Amino acid sequence: MKFNSTKTIIITVAAVFCSAVLANPKKPGGDTTTTQIDANAFSMPAANLGFEGRLNFSTGNSFFRNPWVVAPATTIARDGLGPLFNTNGCQNCHIKDGRGHPAPVGASNAVSMLVRISIPAETEEQKALEAQNGVVPEPTYGGQIQDQAIPGVAAEARVRFAYTDKPFKFADGSSIVLRQPQLIVDQLGYGEMHPNTMFSPRIASPMIGLGLLESISAEDILANADPEDSNNDGIRGVANQVWDSQLQAFNLGRFGWKAGQPSLMQQNAAAFNGDIGITSLMFTKDHCTASQQDCLNATSGVDPDGSEVSDKLLGFVEFYTQHLAVPKRRVMDAEQVALGDKLFSQVNCDSCHKRSFTTAKREQLPALSEQLIYPYTDMLLHDMGPDLADGRGEYLASGQQWRTPPLWGVGLSETVNGHSQLLHDGRARNVTEAIVWHGGEAEAAKQAFANLNQSQREALVAFVNSL
């Protein structure tokens, strides 16, 4: 075969050029990236979604946004609320598809934040339940505190936060005051809880880019896992393994603060069930324990298919949550942001907040398929130290481990949600506080950040807020 060197060089140069075009950090969600960066920045469909896909997106949005009502009702497609619940619509927690916030003292309810509860597994039966479900529910109140209920049923409790000051001093002599949260659970509706009850308060996470995160191959995620710290860098990374109801097998955990759910379908169905009190074929029973007879006796909104939300409607909601676009990067060409980008690597933030992945090929979801994305997460669990611990395990996640949250869109939280509160319980009021709360595997990165001077710290924060 005759070798044509000129043609080979042209093809090689073209391939390199195409690769450079595809690698575009200004578009963190690849071709799904939206250019909208106002208060609706988290509610836009994937930019590359076709006409039919946008119709399905809009249908899913209506069931995500609109409230559910008590059964029986004339609106049979939306009845079955409760009997116990945290809110009557998904959008109430994921406000404008964005980030939730902790409930302050004085709040009448904790919408956009919930508290998961469980007890240690002691008996063989409890150990078997923990192995299958990840936790052992509190006997009287179940797996999470539901602070609202339909008429005739008592709500479970009131939850909120109080804070005390926690000073922190940087190496250059400047200082900040963190707020140390104290969870308050009172007005118990069904008597005392188990004496060893474990509590895990969690705010609602932003909804953007979830379909892209679901599209990262398990192999690519596991490639960053290092549970034995074989390279001695102090960063481990553990993949959670959770029960997948659709597969009827254990699978890689991807969603939730401890990666406790394997797929968006299961995450959504679980949220319908636990947060709104809506049953499905995946979760067939309301969250009523044997101690909650009024809850057990309440009228159900079950349709002839045996559920309160059908698989078809869950499918629309799944499609909606898969295709919420990530906003474009802002001010990334600014000198301060460019410096912050370098410092982000210098202090090893990107050991866990991995910059990029390429999504797998998804025949049925072409908009999400083979996209070069910049989520700034490794999707793995990391020990974040005692200060951030909730002391409550979930499958393989320990009480000190949390999944690395994606950072894309974090700088738009103030614009979309009117606040910049971060971490699982919203204790950090900005990026600086969030970094300073890091510990465990991230202790060295936190200390490296604390050793920067003020202008360097501001540059690193400016970079994070540009994502």
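This note reviews selected helices, loops and backbone features of the structure above.

1. Basis of the model. The structure is a predicted model, in which local features need pLDDT of at least 70 and side-chain atom pairs count only at pLDDT 80 or more, whereas totals for chains, interfaces and linings use all residues. Residues are numbered from 1 along each chain as its sequence is written, and side-chain values use heavy atoms, with hydrogens and water left out.

2. Packing of H7 and H9. Helix H7 (residues 264-276) packs with helix H9 (residues 311-322) at an angle of about 115 degrees, and their axes are 9 Å apart. Helices (H or I, at least four residues) and strands (E, at least two) are DSSP runs numbered from the N terminus. Axes are lines fitted to C-alpha atoms, for helices over the stretch in contact, and angles run from 0 to 180 degrees between N-to-C directions.

3. Residues at the contact. From H7, Leu264, Met265, Asn268, Ala269 and Phe272 meet Leu314, Gly315, Val317, Glu318, Thr321 and Gln322 of H9. Contact means heavy atoms within 4.5 Å. The residues of this contact divide into 6 nonpolar, 4 polar and 1 charged. Here Ala, Val, Leu, Ile, Met, Phe, Trp, Tyr, Cys and Pro count as nonpolar, Asp, Glu, Lys and Arg as charged, and the others, Gly among them, as polar.

4. Helix H7. The 13 residues of H7 should span 18 Å at 1.5 Å a residue, and its end C-alpha atoms are 17 Å apart, which agrees. The expected span is 1.5 Å times one less than the number of residues. Because 11 of its 13 residues are buried, H7 is largely enclosed by the rest of the structure. Buried means under 20% relative accessible area, exposed over 50%, and partly exposed in between (1.4 Å probe, protein chains only). Among the buried residues of H7 are Gln266, Asn273 and Asp275. Just after H7, Gly277 takes a positive phi of about 80 degrees.

5. Helix H9. The end C-alpha atoms of H9 are 16 Å apart, in agreement with the 16 Å that its 12 residues should span at 1.5 Å a residue. H9 is mostly covered, with 9 of its 12 residues buried, including Leu313, Phe316 and Tyr320. What covers the buried residues of H9 includes helix H2 (51-65), helix H3 (90-93), helix H5 (210-214) and H7.

6. His353 and Tyr376. His353 lies in the loop between helix H10 (335-346) and strand E10 (357-358) and is buried, with a relative accessible area of 12%. A polar atom of its side chain lies 3.0 Å from the backbone oxygen of Tyr376. A polar contact is a pair of N or O atoms within 3.5 Å; within protein, one must be able to donate a hydrogen and the other to accept it, and residues adjacent in sequence count only if both atoms are side-chain atoms. Residues up to four places away in sequence aside, His353 touches Phe344, Tyr376, Thr377, Thr404, Pro405, Leu407 and His438. Tyr376 belongs to the loop between E11 and strand E12 (381-383), is buried at 4% relative accessibility, and has a positive phi of about 60 degrees although it is not a glycine.

7. Asn417 and Ile95. Asn417, in helix H11 (residues 413-417), is buried, with a relative accessible area of 16%. Asn417 and Ile95 are 322 residues apart in sequence and 6.9 Å apart in space, C-alpha to C-alpha. The backbone oxygen of Ile95 lies 2.8 Å from a polar atom of the side chain of Asn417.

8. Most residues other than glycine have a negative phi, and most peptide bonds are trans. Cis peptide bonds join Ala71 to Pro72, with omega about -5 degrees, and Gly82 to Pro83, with omega about 10 degrees. Pro72 lies in the loop between H2 and strand E1 (84-85), and Pro83 is also placed in the loop between H2 and E1. Gln248, in the loop between E8 and strand E9 (249-252), has a positive phi near 55 degrees and is exposed, with a relative accessible area of 54%.
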